Amino acid sequence: MSKISKNTFYGKTLIESHAQHQSRVRELSSSIHDSEEAKIKRRRLLGPSEFWGEFWRQQEALLVADQGSSNSMHTFVLQYDEGYRKFIVAHPEIYWLVDESRPKDQRCSYEVIPDGSPCHLYFDLEFGKDLNPSSDGSKMTKTLIDVFCAHFLEHWGFPCRRSEVLSLDSTTDVKFSRHLVFRVKNVMFKNNKHAGRFVKTICSNIRQSLLLDNATRSAVDNILSRFHKEDLAELFINTTKGKELFVDEGVYTRNRHFRIYKSTKLGKNSHLTVSDDSEYILSTTYTNKELGLFLDSLISYVPSTKNLILLEYQDKNSVDAIKYSKECLSQRRVYVRAEKKIESPYPDIDKFILDIVKPGKIREVKLLNNSVLLYAFIDHRYCANIGRPHKSNGVYWVVDLNNKVAFQKCYDHDCAGFKSAPRELPEKICFEMDKETDILLSSVPDPQDCSLCQTDNFVALEDDDLELANIDLP
Ligand SMILES: [Zn+2]
């Protein structure tokens, strides 16, 4: 496994983070109050790790958070301007402390629900008010909670009550909008795929159930038949595409971003707060109620794995509950690449780049438009712009195959637009390229439909690569 060692990535950063954290806090929140700083100082002595890492790439952030999972490191996304966002790795308590100090309109944060990590059952509920003037969102939410609690008990034998469901609201004049988090003690889903299958299956059953007469309904699903048909019918709303359930079934995707408590979508001034009708009972162990609500609202935060039960759901006939163990999550670290030689279709250029970044290794190489190679690295952060390695953000090298030059660029916000002095590719490589250019370039398939590009070591161009790379294509 090509794990980035704790020393290079996490532990060392932790030691260095004292001064860095201070300045990051100031940077992120110019309006941070003295009392907040005092709080942070107090926490430094007693509380959770003060590690604070900022990244431009989600994968890097998730990797660092994973390395620090024993310290409950969590990944957040902070949207701070139209089109600009940062991935931040911090202990949730530290994140809350900083987030709480931001001006209200700048509280635009999301939790990343890491692919394969345990998660609570969560829902995103919404409907447009203009098309649904008579829909009673509060009543609909209660019905939905009851439906899922009933299935919870039926499938796994865990009682689940309304008092265990945290209901957050960001309804506006035009839109009903809620987030639900089911917090059954010591119980989580194995990952959001299982949670998603559970939700989708029951949503599908609700649809079917309404098509049937009462006798057939009870035969098909005896849980849903306990609910009034009228109550279930009310869960459907008018949309521009027709009648639909008010449940967004598309929020169970990989590394999903889910807005956090007290955050708003950028520029929308619709902060998530506890719903007026929420029956959730907050644990009395929290002395700071707001912090408690925030921690309880996190979907994939696991403060302790002691006695944790993970739920699996394949389909109605294949449900399971297993005791948490590291092994049962063994498949989750999919973003940690296996140790092997990463190379492009141009091994000589790879070697040239490797010599520059020694002892760093190539983490990923991409070919863009058949004319540019993009190299990302493990253990190499040296940036010519600042004349030293960056602490958290990575650098990358760009090889312009047409002009036969290579130069370094940087993911750090402060280095945006920076481009190092170009280095010419060695004579030997240019000669080989000139000789073979026609063959080489024509033999490299288009990234969009290229099987080579789908393999682990040669990744096809993703939408955000160009944006992140901030690269001017020739
Ligand atoms: Zn830089």
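**Entry 1: helix α9 and its cover**

I looked up what covers the buried residues of helix α9, and the cover includes α4 (92–100), β6, β7 and β12 (273–274). The model is a predicted one, in which local features need pLDDT of at least 70, side-chain atom pairs count only at pLDDT 80 or more, and totals for chains, interfaces and linings use all residues. Residues are numbered from 1 along each chain as its sequence is written.

Helix α9 spans residues 289–297, and its buried residues are Leu293, Phe294 and Ser297. I counted a residue as buried if 20 or more other C-beta atoms lie within 10 Å of its own, as exposed if 12 or fewer do, and as partly exposed in between. Helices (H or I, at least four residues) and strands (E, at least two) are DSSP runs, numbered from the N terminus.

Viewed down the axis of α9, the buried residues fall within an arc of 100°, so they line one face of the helix. The arc is that of the directions from the helix axis to the C-beta atoms.

**Entry 2: helix α4**

I then turned to α4, where seven of the nine residues are buried, so the helix is largely enclosed by the rest of the structure. I listed the buried ones as Pro92, Ile94, Tyr95, Trp96, Leu97, Val98 and Asp99.

How many of the eight residues of strand β7 are buried? I found seven in this strand (residues 175–182), so β7 is largely enclosed by the rest of the structure.

Two strands pair if DSSP finds at least two bridges between them. Strand β5 (residues 121–128) pairs with β7 in the antiparallel sense over eight bridges, and Tyr122 stands opposite Val181 in β7. Strand β6 (residues 165–169) also pairs with β7 in the antiparallel sense, over five bridges. Here Ser167 stands opposite Leu180, and a hairpin of five residues joins β6 to β7.

**Entry 3: an open sheet**

I traced an open sheet of five strands in the order β15-β16-β19-β20-β21, with antiparallel pairing. At its edges stand β15 (361–368) and β21 (423–424), each with a single partner strand, so one side of each is left without a neighbour in the sheet. Strand β16 (residues 372–378) pairs with β15 over seven bridges, with Val365 opposite Tyr375.

Ile362 lies in β15. Ile362 counts as buried because it has 20 C-beta neighbours inside 10 Å. Its C-alpha atom is separated by 4.5 Å from that of Phe377, 15 residues apart along the chain.

**Entry 4: the core**

I looked up the largest nonpolar core, which has 97 residues; those with the most contacts inside it are Ala90, Tyr122, Leu180, Leu373 and Tyr375. Such a core is a set of buried Ala, Val, Leu, Ile, Met, Phe, Trp, Tyr and Cys residues joined through C-beta atoms within 7 Å. Leaving aside neighbours within four places in sequence, Tyr122 is in contact with His179, Leu180, Val181, Phe258 and Ile299.

**Entry 5: the whole chain and its confidence**

I noted 13 helices and 21 strands in the protein, and 34% of its 474 residues count as buried.

The mean pLDDT (the predictor's confidence in each residue, from 0 to 100) is 79, and 77% of the residues reach 70 or more. Over residues 28–36 the pLDDT is below 50, and this stretch has 13 contacts beyond near neighbours in sequence. Residues 330–339 also stay under 50, with 20 contacts beyond four places in sequence.

How values were computed. Two residues are in contact if their C-beta atoms, placed from the backbone, lie within 7 Å.
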